[in-house]
Structures are given as structure tokens and as C-alpha cells.
Amino acid sequence: MATRLKIKTTEGDITIRLYDETPRHRDNFLKLAKEGYFDSTIFHRVIKDFMIQGGDPDSKDAPKGKMLGTGGPDYTIPAEFVYPQYFHKRGALSAARTGDEVNPKRESSGSQFYIVWGKTYKPTELKQMEHQMAMQQEQEVFNQLTKKHHEEIMNFRRNRDREGLQALQEQLIEETKNHCKQQGKPVFTDEQTEIYTTVGGTPFLDNQYTVFGEVEEGLDVVERIQNCNTDRNDRPTEDIRIEAVDTL
């Protein structure tokens, strides 16, 4: 049986469905909702044609101008990528997180979430994005392999062994190509291409952040929120509050 909840906001109600294929995120969101964790929080980060973000407990009764976005429980949730089945289409419910540099496993915030609005893309734009994704894939694999050979690399540098360093680099580049070939080049599915070119979304976030649900009703509310006036920190100038999140 599907898990559905209603996010009651000062702009209207948003009905969401949580995916069973992301059980850790589903159960955590459900637990927090039942505890009233989200009650009286605000959508503290809103970017037009991108997304609306909430779930920061520090946003309750936060004075105007206060920087928000770092609050949450003292835990993170392991990433649950169910890709390409679930992706960042318009209305997708996803977990916020800290950046790769401090969070290489891409674990999710314990409470902060965002709802995608995004934009529509031309097929040529998606092809260019696929090329960028392939380059990023190669870079990530190469970096992982480099870490495994860290001591060897440092020894070459200490000994000023340029030939050894060059040979290892060529070896790692070859291993990277073979690894990426086995993984397969990242490409958008027909379903993704259809939705991203007609409905819209944020395809560049795919496989980077956990998508764990979607809006079933109330996309008009999401649209109103993402169109609101914001300050230089992307916080709405007039608070848009989550009054409650109730199970259905």
C-alpha cells in the first residue's frame, strides 16, 4: 500500500507519495511527519525554475534575514538511488544533502527535502548534458583509482621519478576507460527524455541526490511557491509555512 501524506502550507496543500523502493527515506520522513517535526517550519530556500526546499527545524520562528539551511537531526541517511526509474522530473520529492567534498557517499540530510520545479529542455541540451555526465563519470572513477594508489604516487614524487609517475598515470587512464566501458555511458532513457522535454525537471541532479517520492496533487501550489519573491539568500521575503504534514 502506497504511503501518502499531505503537506499543509500557507499557500495550499501538496499531496505526496513516498516510494517503497527508498525505504530508509520513506520511513524517516513518515516518522518525522508523525512527530510533528515539520510543523511550523518554512520553505527556507526557493529558487524560481529550480525547486523549493524545506525541513530545517531552525526555521521555526526564525527572524527575517536569518541564514537557514543547516538545521536537522544529528544523523544522515544513506543514499538510495533508484535510477533511472526515479529521477528529477517536475514534482519529484528529493532529499537535500551537503556537498561531495565533505559527503562523498552523498548521504542525505536527516530532515531537509526539496520539491523539483525545473524547466523543459531541448533534446540537444540533454545530449550535451549526457556528454558532461560521461566526463564527470570518468573523473569520479579516475579520482577513486588515484586514491587507491596514493602511497605509490607520493613515493614517485618524493623520488622525483617522472617516468614512473607518467607510466602510472597512463595505466590509471586506461583502467578508467575500461571501468567506464563496463559501467556503460550515462544516457537518458526514452521516458526521461520525453518528460524532460515536455513536463520539465532538473536532469543535472539525477543520480546525485536521492529521489524518494513525488507530488500527486498540488503542483499548482508548488508553482506559486517557486514564483514567490525571495531575498539574496533565496529565502522568501514573506514566510511560506508548513503548518502540518499528515498521513492519508
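**Figure 1. Helices α3 and α4 of the predicted model are roughly antiparallel to each other.** The model shown here and in the following figures is predicted. Helix α3 comprises residues 150-158 and helix α4 residues 162-183; their axes come within 8 Å and cross at roughly 150°. Because angles over 145 degrees count as roughly antiparallel, this pair falls in that class. The crossing of the two helices is left-handed. On the α3 side, the contact is made by Glu 152, Ile 153, Phe 156 and Arg 157, and on the α4 side by Gly 164, Leu 165 and Leu 168. Sorted by class, this contact of α3 with α4 has four nonpolar, one polar and two charged residues.

**Figure 2. Helices α2 and α4 are oblique to each other.** The axes of α2 and α4 come within 9 Å and cross at roughly 130°. The crossing of α2 and α4 is right-handed. Helix α2 contributes Gln 137, Glu 138, Val 141, Phe 142, Leu 145 and Thr 146 to the contact, while α4 contributes Gln 169, Leu 172, Ile 173, Glu 175, Thr 176, His 179, Cys 180 and Gln 183. By class, the contact of α2 with α4 has six nonpolar, six polar and two charged residues.

**Figure 3. Gly 118 is a buried residue in the loop between β9 and α2.** Strand β9 spans residues 113-116 and helix α2 residues 123-148, with Gly 118 in the loop between them. The relative accessible area of Gly 118 is 2%, so the residue counts as buried. Gly 201 is 83 residues from Gly 118 in sequence, yet the two C-alpha atoms are 4.1 Å apart in space. Leaving aside residues up to four places away in sequence, Gly 118 touches Asp 49, Phe 50, Arg 90, Gly 201 and Thr 202.

**Figure 4. A cis peptide bond joins Tyr 83 to Pro 84.** Most peptide bonds are trans. The bond from Tyr 83 to Pro 84, in contrast, is cis, with omega near 15°. Pro 84 is placed in the loop between β6 (76-77) and β7 (92-95).

**Figure 5. Ser 40 has a positive phi, as has Asp 234.** Most residues other than glycine have a negative phi. Ser 40 is not a glycine, but its phi is positive, at about 75°. The residue Ser 40 lies in the loop between α1 (23-35) and β3 (41-42). With a relative accessibility of 35%, Ser 40 counts as partly exposed. For Asp 234, also a residue other than glycine, phi is near 70°. Asp 234 is located in the loop between α6 (219-226) and β11 (241-247). Its relative accessible area is 25%, and Asp 234 is therefore partly exposed.

**Figure 6. The annotated span of residues 12-247 is set within the chain.** An unreviewed UniProt entry carries the annotation "domain: PPIase cyclophilin-type" for residues 12-247. The end C-alpha atoms of this span lie 16 Å apart, and the span is 37% helix and 18% strand. The secondary structure of the chain comes to six helices and eleven strands. Its C-alpha trace spans about 65 × 40 × 40 Å along the principal axes. The chain has 248 residues, of which 44% count as buried. Among contacts between residues at least 6 apart in sequence, 75% join residues at least 24 apart.

Key: Residues numbered from 1 in each chain as written. Predicted model: local features only at pLDDT ≥ 70, side-chain atom pairs only at ≥ 80, totals over all residues. Heavy atoms only, no water. Axes fitted to C-alpha atoms, helices over the stretch in contact; angles between N-to-C directions. Helix = DSSP H or I, 4+ residues; strand = E, 2+ residues; numbered from the N terminus. Parallel < 35°, antiparallel > 145°, perpendicular 65-115°, else oblique. Left-handed = near helix turned anticlockwise from the far one by under 90°. Contact = heavy atoms within 4.5 Å. Nonpolar A, V, L, I, M, F, W, Y, C, P; charged D, E, K, R; others polar. UniProt positions renumbered as here; feature names shortened; annotations may be inferred. Buried < 20%, exposed > 50% of the residue type's maximum accessible area, 1.4 Å probe, protein only.
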